[in-house]
Amino acid sequence: MAVIGYLGEAANTGVIFEVSDETVETVRNMVWSGSARYAVHQRHMNHALTEFTGLDPDKISFDITLAADLGVEPMEELVKLWTFKRQGTALQLLLGEHGYGKYRWNITSLKTKVEHTDVHGDVFWCTVSVSLLECLSAYF
């Protein structure tokens with residue numbers, strides 16, 4: 001088994017991204033974005049002045065495919081993600097050898113597209129779109 005990262009407080013309580021001969025759960029279509037804030041000061045009969053006033057929190061979005069035939073329990077992983085979102089849990093994001101962001105991330109949005117269900121109507125294959133917002137501690 002090759003754990004390639006996780007989203008959560010610790011690898012054993014979060015969503016684990018891994019690839020092995022039994023399990024595939026990875027991040028796709030990841031987008032990391034950030035923006036700066038500027039104030040514009042109007043001046044009489046002259047060009048306006050711009051002033052850098054700070055940074056907005058970064059955002060990350062990605063998709064995760066959860067499929068029972070890829071060794072994942074889709075509902076188990078969905079419950080973890082929805083619980084993190086509903087409780088406002090600040091989460092670490094680690095992919096490869098890199099931790100992302102200055103501190104942690106909050107899940108701001110989850111969208112689940114159910115592709116297939118089993119004969120009982122349980123989710124068998126779905127794609128989850130996750131949106132994260134950087135959560136900085138008061139010390140940053």
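Which residue in S7 stands opposite Val 31? Ser 61 does. The model is predicted: local features need pLDDT of at least 70, side-chain atom pairs count only at pLDDT 80 or more, and totals for chains, interfaces and linings use all residues. Residues are numbered from 1 along each chain as its sequence is written, and side-chain values use heavy atoms, without hydrogens and water.

Start with the sheet. Four strands form an open, antiparallel sheet in the order S4-S7-S11-S10. Strands (E, at least two residues) and helices (H or I, at least four) are DSSP runs numbered from the N terminus. Two strands pair if DSSP finds at least two bridges between them. S4 (27-33) and S10 (104-117) are the edge strands; each has a single partner, so one side of each lacks a neighbour in the sheet. S4 and S7 share five bridges.

Now the helix. H1 lies across S7, S10 and S11 (123-135), at about 150° to S10. Contact means heavy atoms within 4.5 Å. Axes are lines fitted to C-alpha atoms, for helices over the stretch in contact, with angles from 0 to 180 degrees between N-to-C directions.

The whole structure has two salt bridges (a side-chain nitrogen of Lys or Arg within 4 Å of a carboxyl oxygen of Asp or Glu). Asp 56 meets Arg 37 at 3.1 Å. Asp 56 sits in the loop between S6 and S7, and Arg 37 in S5, so the pair ties together parts 19 residues apart in sequence. Glu 77 and Lys 80 form a salt bridge at 3.2 Å. Both lie in H1 (residues 74-87), three residues apart. Glu 77 is buried at 7% (under 20% relative accessible area; exposed is over 50%, partly exposed in between, 1.4 Å probe, protein chains only). Lys 80 is partly exposed at 23%.
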